[in-house]
Each structure stands twice: as C-alpha cells, then as structure tokens.
Amino acid sequence: MILLQASHIAKHYDIHDVLIDASLTVQTGDRVALVGPNGAGKSTLLRIAVQEELPDAGEVSVAKGTSVGYVSQFVDAKPGATVFGYVAETFTDLYDMERKLREMEQAMADPAVFGDERKFQELSTAYDRLRNQFEAAGGYAVEARVRRVLDGLRFPSDMHQRRVESLSGGQKTRLSLARLLAWQPDLLVLDEPTNYLDTETISWLESYLEGYEGALLLVSHDRYFLDKVATVIYELEDGKTTRYVGNYSEYIEQKAARLEADMKRYEAQQKEIARMETFIQKNIVRATTTKRAQSRRKMLERMERIEKPNVNTPQMALRFSCARESGKDVLTVEDLVIGYPGKTLPGPLQLRVAKGQRIAILGPNGTGKSTFLKAIVGKVKPLAGSIRWGTHVTIGYYDQEQADLHPNKTVLSEVWDEYPTLDMTTVRTALGRFLFRGTDVDKPVASLSGGERSRLALCKLMLKQANVLVMDEPTNHLDLVSKEVLEDALQDYEGTLLFVSHDRYFIDTLATHVVTMDERGFHVYIGNYSEYVAKIEEEKKWADEVVSQTPAAKGERKPPAPPADARRHVRSADIRKLRERVAGLEARIAEVESRQQAIATELTEAAIAQNVEQTIALNDEMQRLEQEMETLIADWEEAAAKLEELESIQSQN
C-alpha cells in the first residue's frame, strides 16, 4: 500500500531552482532514505512531503487514515512542561480514555448504580467496550513506551521531571525525536536524526528503527546508519531524484553500474549521430541520394537525445602532507585531570600515542572528549597531570565549533592572513581545491554555510602540513561525497591522527585504535570500529555466561565469591607499562614490514642488474627480518593478551 507519494515536485527560491522534477514513493514497510550533496534540497523535499511547505509544481498525496510524524527542529512545549510530560502529551487521547475508565469504575461502585440492574448492565457494557478499545490502542503500555525511548535517547529517570526550557538545544532536539518515537506513527519522517546523538545512542536508534512497524522516510549523512536502516535510496541531484533499491553500500554499487551503462548509451548515440551527420553532408547535394539524406535528417531531428551523464560532480581535492617527520613517540598523557570550575571530567587519563597511529576517541556526550582534545593542543589548561609531545611534532587542530574562523574576514583573507608568506596564486589555487572559485573567495566568512565553513577550515589545516592532526568531529556538516574525499586524504596521510567522531563509517575506515571514554577514564582497543564492537560483544557474552553460572542465577540463596582475577589488585603503572610495550612492538613491526617491502623492490632491481653480491646480501637481511618478525609478533600477542586481561580486571574492580 502506498502511504505517501510526491510526484514531479518543483520548488524555486527567487531565481534559484532547488527542485526541478523530484518524485518519491513510500509504501508500507519501506525504509526510504533521501541522499544528495549539501544544498541539493533534501530538507525542502521532506517539508513538502509532510505538507509543511507548498511546492511550486507537482503533487503530494497521503493515503487516507495514515498518521505522519515529522521531527521538528524546535520543541513547542507548554510553559512548565517536564521532559516526561512533553513526550507523554502525544498520548492525550489514551490518558483521556484512562481517566474515563476510572470515572466509570467509581460510578459502578455507587450503590445507586449497582443496585439498579439495568443501569449497571449498561455501564458495565460501555466500560468493557472502552477498556477493549484502550487495550487495543496500547494504553497499558504508554508509560513503558515513554520510558523506553527516553532511556534510549539518554534521558535517565532523574531527568524526567526536569523542565523542558532548562534543556540545551541538542537535548531539545533529542526530546522532539523521543516524542515522535513514542507516538509510533504509520510514517516516521526524520531529518538528520543522528545529529546530537553519541555513538551508543545512534546504535540504540538503529535497533529501535529496525524493529519499527511503520514506514520510514529520512535524510541522513551517516553511511553506517543508512547501511543498517535503509531499504530504498532516493538520490537527489540537480533537482531530480533517482531511485535505488537497497542500503547505502548497494546504492553506491548500483549508481556506478548505472553511470557506466548510461555513458555507454550516450557514447553509442553520439557515434550514431556523427555517422548520420556525415552521411547527410556527403549526400544532401547529390540528386540520386538527396531524398535519403533528407530522410536521415528528419530522423536525426526526431531523435530523442540522451543527456550526457554527470560523472564529474565537483568535489574537494584534499591532500594532507607533512613538512617533516615526527619522532616515534608522539604523545604521552599521564594522570591527566581535566574539567571546568565546579566540574571535573572522568579520569585521571592515561594515553600513549606512537607515530602513524590513528586513534578514534568515543564516548557518551558530556564525558569530555572535546575538552581532552582542547587540553592536549593547549586550548584548555589541565587541572592535574602531564601532557608531553614528542620530538619534531607539529600539530594541526580542527575544531568542530570552528572558533578560529573570523566572521568579519573574507574567505581569501581568512587563509592569506594565516599564511602570509604564500602568494595570491597559491592561496587561490588552494581555495579552488575546496570549491571556493571566482567571487566565492570574496564572501564574508559569516555568510558561509556549515559545509562551506568546514571546507574552509580543512583548507587551512591542509596548508599547515602538520605531522599530527587533532580533529574534533571533522565530518560534521560535510555531505557524503566530501566525507569520502576526507577519508581518502586521511588514509593517504603519513602522519599521526587523533580524532573524535560519531561517524562510525568514518571510524571504520580510518582507525587503528579505538579509545573509549567513560566515568572511569580511557580504555584502549586495537582495531577499527567494527573490531571494537565485536570485542565489546565478546566481553558482554563472557560476562553473561559468568552471571548465568553463578548460584544466584540458578536460584540458590548464597551468592558466589568473586573470581580470583576480580579480587586481584591491578596497578595503573603496570597497565601503562604494558600499553607502552604494546605500542613499541607495534611501531617496530611497522618498521620491519616497511623494510621488507623495500627489500622486495631492491631484490627485483638487483636481479635485473645481475648483481649477485647485492642479491645475496638482501636475501640474508630478509631472512633476519623474517626471524625478527616472528619474535615480534609472538611478543606482541603475549603483551596484548596480558594488557587485555589486566584492563578487564581493572574494569571489574
């Protein structure tokens, strides 16, 4: 059944065509995602689809009786409304029914009613009918539904009675989402639902939406989220939509195949047009062939021309390089305590970073991830502990708030003032690589969109040529294409990377280590996001198995003694030393691998040159390195296993 259909939608603002011929259909059970570059008109199309805005052309139809829920960016709460009350307001009809049931129960207890058989029978029949209606509408589960979504979106029970006006902007947006999820309309329309959510909350939302009985229509730049949730993708580009069946990864594959097929059809038609034009030119003046030439000309005029596929969408040309290499030990953080007056953040923090590592820092909102980055780059003074950078380290910092951009400057002066030794051509060329061309460089920074400000900040960061990049939410405000360009640039980057991000696709692509931050401090995991999730699931499974085997779980009265490992005392110094050893072994393994690759190239060159002595020497060195590698890997496995064991014990104490 078609729940919503938008057909041939057009929308213009002044002389700018936002939508030209955009269509989409949402059927029962669909999970439809709308993707496209920043400024393509995705949010405009959503507002038109939910009839909050009128199109200039085209039609929108919604099936009769279909409830449509749309997350507003603003919370329109009554003065004095509480967090719980605001979400529960969506069930006013059910609360009215419940109040009516209570009144009917009191009436049936009245001697004047139960003493009158006819009155009592009429009232009890009405009561049964209303109770069945209340139960069918989920009335008995209302509070559980409200508490479930509030808990999932990080509104714990101690916040339920807080007044809505006391919440931050991000909290109000989450509360608006909670209200909509609790309502459970037939069609749920979400515009960037993962904004203002941390990684754990996004995972909860994914699970919730995967089990959602209604249909979904959403806009998102979170590729991991789209892979998990979406079943249909509509791409909006140049004011038009194209439909693909599948999630984001499948859409990428299908789009590439479609572009290739479209280009082949276009090229084939161009060859046919050229052949026909040549025939016409050669034969139009000949008396014997002029009719045939005229016939071909008419065919050519009637031919429906295939538009050349747009395979060269403008995108950033980003490349990070290092002016010089750093030392092997990049950063050492010991017993670090950070915070603000009246509030100390989790810790003390311990962290060691080696050259070439790419460390993603995860954790719930408010734990201090951004504050930690500001502390290590010197923008926030630590309350205690030490931060030591290694030799020859140069730091490039990307601030998610982009506080270093000056609103009164132009785009050109923002960059040129930062790097006054560069000439005009170099600065303009750099800005051109970030899609600031022509008069774009004369725009004031204050007038830039979020995506444009992000590109400008990345341009400044690229020109610094730092060997350590510290980045706070670098994918915020970037569209999908720009995110992929940034990922490619950071994958090719030879320096060290520390970053905070909620973009799990981005973390999966880049991270060599994941550091989680909670009330106890840092916990380090080797690998990317998927490997981190697998490790967490393994730990949970182990913990569940332990709990299920305890006497208490089996119904016995006596609780079990804690395992021996849990009673052991683990010193932070021991864990720190093991982390250093693991990092050192990883660095040496990387060096040996690099040298082995170089030797392989040198052996080929020596063989071509028939240099026997060099070939023998290189083979001997390769054998020594292979033996060293075996020892290194064995030592690393032992140290990593020991570190994992001690961290697990420490987390239980």
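Student: Where is L435 found?
Tutor: In this predicted model, L435 sits in the loop between α14 (424-433) and α15 (450-464).

Student: How do you know whether L435 counts as buried, partly exposed or exposed?
Tutor: Set its value against the cut-offs. Buried means under 20% relative accessible area and exposed means over 50%. L435 has 21% relative accessibility, so it counts as partly exposed.

Student: What makes the phi of L435 worth a remark?
Tutor: Most residues other than glycine have a negative phi. L435 is not a glycine, yet its phi is positive, at about 70°. Q402 is another case to look at: it is not a glycine either, and its phi is about 50° and positive. You will find Q402 in the loop between β16 and α13 (411-418).

Student: What does helix α12 pack on?
Tutor: Let's start with the sheet itself. Six strands, in the order β16-β17-β18-β14-β19-β20, form an open sheet with mixed pairing.

Student: What makes β16 and β20 stand at the edges?
Tutor: Count the partners. β16 (395-398) and β20 (521-526) each have a single partner strand, so one side of each has no neighbour in the sheet. On average, neighbouring strands of this sheet are turned by 15° against each other, direction ignored. Helix α12 (residues 369-376) packs on this sheet and touches β14, β16, β17 (468-472), β18 (496-500), β19 and β20. The direction of α12 makes about 150° with that of β17.

Student: How do you know that β14 and β19 pair?
Tutor: Two strands pair if at least two bridges are found between them. Strand β14 (residues 358-362) and strand β19 (residues 513-518) are joined by four bridges, so they pass that test, and they run parallel. One of the links to look for is I359, whose bridge partner in β19 is H513. Helix α16 (residues 480-492) lies across β14, β17 and β18, at about 130° to β14.

Student: What makes strand β8 largely enclosed?
Tutor: Five of the six residues of β8 (residues 232-237) are buried, so the rest of the structure largely encloses this strand. β8 also has pairing partners. Strand β3 (residues 31-35) runs parallel to β8, with four bridges between them, and A33 stands opposite I233 in β8. With strand β9 (residues 240-245), β8 pairs in the antiparallel sense over six bridges. Here E237 has K240 in β9 as its bridge partner.

Student: How do you know that the span of helix α10 agrees with what it should be?
Tutor: Helix α10 (residues 248-283) has 36 residues, and at 1.5 Å a residue it should span 52 Å. Its end C-alpha atoms are 52 Å apart, which means that the two values agree.

Student: What caps the N-terminal end of α10?
Tutor: N247 does, with a side-chain oxygen 3.3 Å from the backbone nitrogen of S249. The cut-off for a polar contact is within 3.5 Å, so this distance falls inside it.

Student: On which side of α3 are its buried residues, and how do you know?
Tutor: In helix α3 (residues 92-108), the buried ones are L94, M97, L101, M104 and M108. They cover an arc of only 75° around the axis, so they lie on the same side of α3. These buried residues pack against α4 (111-114), α5 (117-136) and α6 (142-152).

How values were computed:
Residues are numbered from 1 along each chain as its sequence is written. This is a predicted model: local features need pLDDT of at least 70, side-chain atom pairs count only at pLDDT 80 or more; totals for chains, interfaces and linings use all residues. Side-chain values use heavy atoms; hydrogens and water are left out. Buried means under 20% relative accessible area, exposed over 50%, partly exposed in between (1.4 Å probe, protein chains only). Helices (H or I, at least four residues) and strands (E, at least two) are DSSP runs, numbered from the N terminus. The arc is that of the directions from the helix axis to the C-beta atoms. Contact means heavy atoms within 4.5 Å. Axes are lines fitted to C-alpha atoms, for helices over the stretch in contact, and angles run from 0 to 180 degrees between N-to-C directions. The expected span of a helix is 1.5 Å times one less than its number of residues. A polar contact is a pair of N or O atoms within 3.5 Å; within protein, one must be able to donate a hydrogen and the other to accept it, and residues adjacent in sequence count only if both atoms are side-chain atoms.
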